[in-house]
Amino acid sequence: MSEPLVEVEDLRTYYDASGFFGGSPVKAVDGVTFDIERGETLGLVGESGCGKTTLGRTLIQLERPTAGVVRFEGRDVNALSGDERREWRMNAQMVFQDPDESMNDRLTVGEIVREPLDVFEWRTPRERRARVRELLDTVGLQPAHYFRYPHQFSGGQRQRIGIARALALNPEFVVLDEPVSALDASVQANVLNLLEDLQDEFDLTYLFIAHDLSVVRHICDRVAVMYLGNVVELGPTEELFRNPANPYTHSLLSAIPEPDPSVEKERITLRGTPPSPRDPPTGCPFSTRCPMKIRPPEYADLDQAVWDAVAEFREALRARARAERTVRERIKDSLGMSTRFADAGNLREEVFGDLDVPDDVEAHVETATALVADDDETAAREYLADAFESTCDVDEPAAREVGDGGRVSYCHRHDADYRSPDEYRTAELDVSPAEVRVPGTGRAPESDGD
């Protein structure tokens, strides 16, 4: 590998809260660090709403970062101005997920592809038109398509138009935001082959954002796994697929469907949904859902169902704290009056049900329930955090080198004081390593996030 073309260091993109009552910012990208080597394809995968698209848009300055550094050929792109900024704009382009939304349906295909050339006043108008026809031929479209409109094309053809537009200014770096997610399998293959041919021909560097893990495995040199605005594992594609190191990567790959229905496959089912990016966990971002979460020593032998119920109860209180309240409820809250959020009795009953809860755990849950009844949800959450606090809850995991090829994973399970994720998974989840090896095709799970 050559020197990195793109370097990302502690990148953060937050969206400030708005409205009369304010609130916490949305932490769409929250401290991401990685490099992209010249000529490589780095895949970016994760559930919907984890910040993949925002990260891609921030890299090419369609979104302004809140903090952190993005370097292109060693230069901080946020500090560029004048001719240097203009050159960067030409060198970094994006193929958007939805070509219908990213194209003006009142312009012809020729005008759409020529628009970047016009904006940067590239050579003469005649040479621009010739360049557009050359690009259309490069991406497999016909000269007659020059004067047609986007609605006259199929999904695969519209994506080719988007690719042609992205290549108009001879960029070095292209962000591909799920370029084949809306296409059927045969068209996907054609577009992927096109992207690989263009990379070889023009020496392009890609950030490839996708949900489809079979596509990522096919086209990417390395993969970054993203969760709640954080990269949790990064490494060579084949090694990551064969032997995932991070608990979230384990669960993501175990969700891939098995094409052969006769093959039994153990899946790791995550409880709940990802936390709100307005209120992410303090420690490990995956701590609220992780099936391999480290327990406090006094609860090492606690029944797994009870431990899961405690985690669900804590997360339910967390969700209630960020639930939408009416203006009347917010005013009553500020005056210390009771609202519908004060009754935690039903919630407690739903979560713990008929479980045989040990006396010490029961006492903690009762105390927290009483605090909620007194309209002090913050105190209830803090009390439960003190009672069941784990290192995963309070400490951010550091990057640990795992396996070969410079692969890194962010997980406390890699620390010498704890068992590795492989050992923990086998012991606690009764899932052998062979059972979670990823098959050749499939899709990653999606949440209801944006």
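Among contacts in the chain between residues at least 6 apart in sequence, what percentage join residues at least 24 apart? The share is 68%, where a contact means heavy atoms within 4.5 Å. The model is predicted, so local features need pLDDT of at least 70 and side-chain atom pairs count only at pLDDT 80 or more, while totals for chains, interfaces and linings use all residues. Residues are numbered from 1 along each chain as its sequence is written, and side-chain values use heavy atoms, with hydrogens and water left out.

The chain has 450 residues, 49% of them buried; buried means under 20% relative accessible area, exposed over 50%, and partly exposed in between, with a 1.4 Å probe and protein chains only. Its accessible surface is about 21400 Å², and carbon and sulfur atoms account for 45% of that. Accessible areas come from the Shrake-Rupley method with a 1.4 Å probe, and for residues only the protein chains shown count as cover.

The secondary structure consists of 17 helices and 12 strands, which are DSSP runs numbered from the N terminus (helices H or I, at least four residues; strands E, at least two). Four of the strands make an open antiparallel sheet in the order 2-1-4-5. Strand 2 (26-37) and strand 5 (75-76) are at the edges with a single partner strand each, so one side of each has no neighbour in the sheet. Two strands pair if DSSP finds at least two bridges between them; strand 4 (residues 67-72) and strand 5 are joined by two bridges in the antiparallel sense. Phe72 is opposite Arg75 of strand 5.

Val6 lies in strand 1 (residues 4-15). Its relative accessibility is 1%, so Val6 counts as buried. Beyond neighbours within four places in sequence, Val6 has contacts with Phe34, Asp35, Ile36, Val70, Arg71, Phe72 and Phe173. For one of these, Phe34, the sequence separation from Val6 is 28 residues and the C-alpha distance is 8.5 Å.

The structure also has four cavities of 30 Å³ or more. A cavity is a set of points on a 1 Å grid over the protein atoms alone where a 1.4 Å probe fits but cannot get out, and lining residues have an atom within 4 Å of a point. The largest cavity has a volume of about 110 Å³, volume being the space filled by probe spheres set on the points, which are joined across faces, edges and corners. It is lined by 14 residues, with Pro247, Cys284, Cys290, Cys411 and His412 nearest its centre.

Notes:
On a 1 Å grid over the protein atoms alone, a cavity is a set of points where a 1.4 Å probe fits but cannot get out, and a pocket is an open set with protein on both sides within 12 Å along at least five of seven lines; lining residues have an atom within 4 Å of a point.
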